[in-house]
Amino acid sequence: MPNVGDELHHSGWNSCSSCHGDPSAARRYLILPSLISGRIYAIDTQKDPRAPSLHKVVEPENIVSKTGLAYPHTSHCLASGDVMVSCLGDKDGKAEGNGFLLLDSEFNVKGRWEKPGHSPKFGYDFWYQPRHNTMISSSWGAPAAFTKGFNLQHVSDGLYGQHLHVYSWPNGELKQTLDLGSTGLLPLEIRFLHDPSKDTGFVGCALTSNMVRFFKTPDGSWSHELAISVKPLKVQNWILPEMPGLITDFLISLDDRFLYFSNWLHGDVRQYNIEDPKNPVLKGQVWVGGLIQKGSPVVAEGDDGKTRQYDVPEIQGHRLRGGPQMIQLSLDGKRLYVTNSLFSTWDRQFYPELVEKGSHMLQIDVDTEKGGLAINPNYFVDFASEPDGPSLAHEMRYPGGDCTSDIWI
């Protein structure tokens, strides 16, 4: 990008499955919201996929003046051709100023999606299920807090979220707020099942390291329950006596059989069978980094008092840095790609080596029959030697088409 310090996060496309049946829709433009600068880039990937070009920049001043929104994060296309972007606060970083930005098909600012007065205190990710006339969003925290690094006191001060917000779709009316309580601190990524008739989904709660299932009840309201819990580890030589797994990203396979998530601090990636969404079953687990890998000063302590660390293999002679963060699954479900940057300020706080040496991208091979995960020893993309210095790889996107297409990072 032509600017430094944008902090590109959750990318999206100008068209997606919501445009099914529209022959004029083409997945041409990659939408790149910039969390820190507030810019939104539209990148033309169709003219020459190996030399993408900058199509348009939506400047933050334009967004703020027309909507009051800042800190854009998650981008989703709509069936109308519009693009919707969640914004996490106002220009001063106050969470109360968050909401949803609408861009038209030419990436002009249209306004806000939600009705006036229907913006919750916190925002982050969102997912809509049109056949149930519902959109549900999650809640990270106040930009004024998380941009300074993670401070546990800020959680006590009420600067981080623990709620899901249920909206009518596509009307933008806030219908219900689900308080996840102490089991659902910092709910980040949220996903419905891919089957558009289903009325259930999951959200990953980072600080408490829980996967929470949400679902529609017989009376038409929405409820939630704990689905998967990652126990914190008792540790030595760390900033706290216990270390959460810190679930930062998850996804569901296109056939709705498997759920995958990453524990950024512990260092493992997991696969669960969710054919019965009420009873997920662990099928695969691999260690690809983390703070308690062998060679780290941090050690985990078991109930028996014995200490342990986890074996993390070298890939093509490279010691794996950081912990697994963003994940992306190939369309056939057989290859799971993993990067390791969360947010530059938090990277610097928890994994300073990641900032100094750059991040990397791995491939995990998936057993789609019986379940199971295995690190591919022949795949390693290193971002340490970029022309402008080490880079931090975050989210990945498939352009569509067949499952061997290029992947965008």
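**A salt-bridge network and its surroundings**

Guide: A salt bridge joins the side chains of Glu 189 and Arg 191, with 3.5 Å from N to O. The term requires a side-chain nitrogen of Lys or Arg within 4 Å of a carboxyl oxygen of Asp or Glu. The model is predicted, so local features are taken at pLDDT of at least 70 and side-chain atom pairs at pLDDT 80 or more, while totals for chains, interfaces and linings use all residues. Residues are numbered from 1 along each chain as its sequence is written, and side-chain values use heavy atoms, with hydrogens and water left out.

Glu 189 counts as buried at 1% relative accessibility, and Arg 191 is buried as well, at 12%. Buried means under 20% relative accessible area, exposed means over 50%, and partly exposed is in between (1.4 Å probe, protein chains only).

Arg 191 also forms a salt bridge with Asp 125, at 2.9 Å from N to O. Asp 125 sits in the loop between β8 and β9 (126–129) and Arg 191 in strand β13, so this pair ties together parts 66 residues apart in sequence. Strands (E, at least two residues) and helices (H or I, at least four) are DSSP runs, numbered from the N terminus. Asp 125 has 1% relative accessibility and therefore counts as buried. Together, Asp 125, Glu 189, Arg 191 and Asp 249 make up a linked network of salt bridges.

Tyr 260 touches Asp 249, and its other contacts include Phe 250, Arg 270 and Leu 336, leaving aside residues up to four places away in sequence; contact means heavy atoms within 4.5 Å. Tyr 260 is also among the residues that touch the most other members of the largest nonpolar core, which has 57 residues; Leu 186 and Leu 336 are on that list too. A second, separate core has 14 residues, including Tyr 29, Ile 40, Cys 87 and Val 109. A nonpolar core is a set of buried Ala, Val, Leu, Ile, Met, Phe, Trp, Tyr and Cys residues joined through side-chain atoms within 4.5 Å.

Leu 186 lies in the loop between β12 and β13 (187–192). Its phi is positive, about 60°, although the residue is not a glycine. Most residues other than glycine have a negative phi. Leu 186 counts as buried, at 2% relative accessibility. Leu 246 likewise has a positive phi of about 60° without being a glycine. Its place is the loop between β18 (242–243) and β19 (247–252), and at 7% relative accessibility Leu 246 counts as buried.

The whole structure has 20 salt bridges. Another of them pairs Asp 44 with Arg 28, the closest N and O atoms being 2.7 Å apart. Asp 44 belongs to strand β3 and Arg 28 to the loop between β1 (12–13) and β2 (29–33), so the pair ties together parts 16 residues apart in sequence. Asp 44 counts as buried, at 3% relative accessibility, whereas Arg 28 is partly exposed, at 23%.
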